[in-house]
Amino acid sequence: MTGTLLRGLILFLLEVICEGEPTRAGPETMLHPHEQDKLVHQTSRWVLKLFNDSLPFSRAESFCRGQFSSLITLEQSEDKEETVELLRQTGFRSPVWVRDHNRSASKMVALSRQYLEFSALKFPKESHEGFARVTVSFPVLSSVSVCVRVQWNTDWNDVSTVFSYAAPVLTNEFQLRGRVDMQGHIHLALIIHGKHFPYKASFANDGAWHHICVTWSRISNHWAIYVDGDRKDMGSGTDMDRDIHGDGILILGQDQDSFGGNFTEPFFGNITDLNIWNVSLETIHVHALNLCLATIQEKFFSWNLSLINSHHVVKEVQAPLFCPAVHQQMELQGCRTLQGWSDQLPPLGWTDCSDFLPFICRSSPERHHRMEQISKSQSSQPSAFMNQLMKLSNKSQPVLVQQPSGLDSLAQASALLNISVQALEDTQQEGLQPADMVTLIQLLTLTADISSEPSICAGNSSHGNIQELSQHFISVADSIIREDNADKWQAIKE
């Protein structure tokens, strides 16, 4: 495995670990064998298995995939009848997750990178004259929010003015400025009523598009700066007990040293999606805007190039911006549930995708039978690898990951991966058996799906631990895709 591929897989796992949903195991269900049988319903087409162990929708889907099956879907009338029969047999009346077949295709697209084309203004570094004026009449403002997407020119390190609002009686009435430090970070600062607050809110000067929002309210005497949906700076100040003057001039890309002129400290780069509200937006609204989601707050000004007069050096360009709003809207709408069973058709509903609910996995009878055989062989005649794994983990029974709450923390996943790597090294001569490969695939699936606590990704001190886990992840994956295991894959090809 090349170093580039190794680094890429580590970065992927870091992203999965640090951005996933919080993990919480559902209630444990200690069932006798005959009670376990009640949770399985076999038909001529499928084998349905109910897991009375709650997970969020996405993790339920992922767990079913790790079991070489899929989350139940009610696409056909037979699907509904079979699912209802399983729930009748178990007497189970709680809602369960159901995959919406109408949405599955669009979800696959939504999870890919989503880009929308925006008309943007380019402020070239070749000229210090570039500016754009918003040609609307401004009222007196007791509260205001300004959001904009900017792409900084990485070759410019001096102070830059994103926008400046000047009133007839005070030129520095409301302004957003930025400057670059020696480490290549852009620091933002607000000017309100002529008071210059410190440069504090920061983000990387990486040439990428960034979403910036600033909010202010006279009533709360509070202001805030958001970058890419996160609040980076906030505060309150003296001399905030008056409104922002009306009848002012809003200029993009220049500081106004006089009312509407005498420009200094220009901005170089691209600007788009400027929107203004006469209210102070809440964090939840800013987060939604960063994802390109609409808010219920009515705008005072919406991005419209016909309402902007630009200097001739400022050119209109098209900017493709990453907008995962389609996926987020789907998540906000909710995920499909089966609300229990009745004598009529099963009532379907929607609930928050982050809720924890039981679920049903579906697989073919052949695949289910093969998985049962593998499970029995692991229990009755553990392989050399499995015996060593049990020894290292101080377990008297095979280490299986067939319950949704079997791994409910990053620490557990890391520990099991660690001893798996050790067991693989200790039994290298004996080699893996097909059942071992199935178990390791399930382990990798659950590990990739497990999220960390926020503290795991909060600081650099834990980065080494996550990188070590990533290395173990790749070592285990590499061990099961080696060429000498080709015959083992044939044994589990179902």
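Hi everyone, let's start with a bond: Cys64 and Cys361 form a disulfide, with sulfur atoms 2.0 Å apart (a disulfide here is a pair of cysteine sulfur atoms within 2.5 Å). A word on the source: this is a predicted model, where local features need pLDDT of at least 70, side-chain atom pairs count only at pLDDT 80 or more, and totals for chains, interfaces and linings use all residues. Residues are numbered from 1 along each chain as its sequence is written, and side-chain values use heavy atoms, leaving out hydrogens and water.

Cys64 is buried at 0% relative accessible area (buried means under 20%, exposed over 50%, partly exposed in between, with a 1.4 Å probe and protein chains only).

How many disulfides does a search of the whole structure find? Three. Another one joins Cys147 and Cys213, with sulfur atoms 1.9 Å apart, and that link is right-handed, with 115° about the S-S bond.

Now the rings. Trp152 and Phe203 have ring centres 6.2 Å apart and planes at 70°, so they are edge-to-face. For Phe, Tyr and Trp (its six-membered ring), rings pair if their centres lie within 6.5 Å; planes under 30 degrees apart are stacked, over 60 edge-to-face, the rest tilted. Thanks, everyone!
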